[in-house]
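Student: Can we go through the aromatic side chains in this one? I have the model open.

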Amino acid sequence: IQERLHVTISGRYNRAHVINQDQNNPGGGVGSLDGDYVFQRFNPAVGLTYALAPSLTTYVGYNEGSRTPTTIELGCADPLSPCKLPNAMAGDPPLKQVVTKSWEAGLRGAWSKDTQWSAGVFRAQSSDDILFVAAPNANSFGYFKNFGKTQRQGLELGLNSQQGAWRFATHYTWLQATYQSAETLGGSANSSSDASSPGLDGNIAIKAGDAIPLTPKQILKLHGDYQWNEAWRSGVGVTAFGGMYARGN
């Protein structure tokens, strides 16, 4: 059993130092973009694979990752001094870094020495995610905020094959990306906003389970190439995306 079982444990320490210097209003205080931030975190990961048969392997893994707020996000994070991106920035109280915890599991196998396949499921949940939310009593203005959680989960299928000089690959992803916390977004020019007439300034109330915009529900990647000789290979690739919600449409 020890020959079939493999365990991998790893970790990564991230430290980021972000310094904002306001050339127009230096010195800190209300309205100044000056800021000095340090973000650090240790992110662990563990993976396990087990060979059920010579041509069939199962796997499971867990990992954590973190994202440092960008300079733009840090420069527009004050609800009392909202901004209208990308035209201006305002005060900058600190934001927390985004932490993502991910699980994945699946199977990998081979139909022959030239054809391999894979099938897996995944779930990633981000805490303290950063979102541009609507500012109170200020139409079309907002600010970046650590608002709660978002979640991305789905299914992945893959197939690779080498047939003589031909090589083929396909990869399919079904993705469900949702907010997991309630929040209020700016709804300018959005027909679902709370404005008196569609297309005017207003806000959009999101709730847990609502889809995240600009994340396709399906992704299909196809690739094929031909080896003409030892020096030359030509190929073609296609990537197709399923339907998604467009932000601000």
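Student: Is W228 buried or exposed?
Tutor: W228 is exposed, with a relative accessible area of 58%. Keep in mind that this is a predicted model.

Student: How many aromatic pairs are there?
Tutor: The count comes to seven aromatic pairs. One of them joins W166 and Y226, with ring centres 4.7 Å apart and 55 degrees between the planes, which makes the pair tilted.

Student: Where do W166 and Y226 sit?
Tutor: W166 is in strand β7, residues 166-179, and Y226 is in strand β10, residues 218-227. The pair therefore ties together parts that are 60 residues apart in sequence.

Student: And how exposed is W166? What about Y226?
Tutor: W166 is partly exposed, at 44% relative accessible area. Y226 is also partly exposed, at 24%.

Student: What kind of pair do Y226 and W228 form?
Tutor: Y226 and W228 form an edge-to-face pair, with 4.7 Å between the centres and 75 degrees between the planes. That angle is over 60 degrees, so the pair counts as edge-to-face.

Student: Which residues make up the aromatic cluster?
Tutor: W166, F168, Y226 and W228 form one aromatic cluster.

Student: Different topic. What lies over the face of Y59?
Tutor: R108 does, at 4.0 Å from the ring centre of Y59.

Conventions
Residues are numbered from 1 along each chain as its sequence is written. This is a predicted model: local features need pLDDT of at least 70, side-chain atom pairs count only at pLDDT 80 or more; totals for chains, interfaces and linings use all residues. Side-chain values use heavy atoms; hydrogens and water are left out. Rings of Phe, Tyr and Trp (its six-membered ring) pair if their centres lie within 6.5 Å; planes under 30 degrees apart count as stacked, over 60 as edge-to-face and the rest as tilted. Helices (H or I, at least four residues) and strands (E, at least two) are DSSP runs, numbered from the N terminus. Buried means under 20% relative accessible area, exposed over 50%, partly exposed in between (1.4 Å probe, protein chains only). A charge sits over a ring if NZ of Lys or CZ of Arg is within 6 Å of the ring centre and within 35 degrees of the ring normal.
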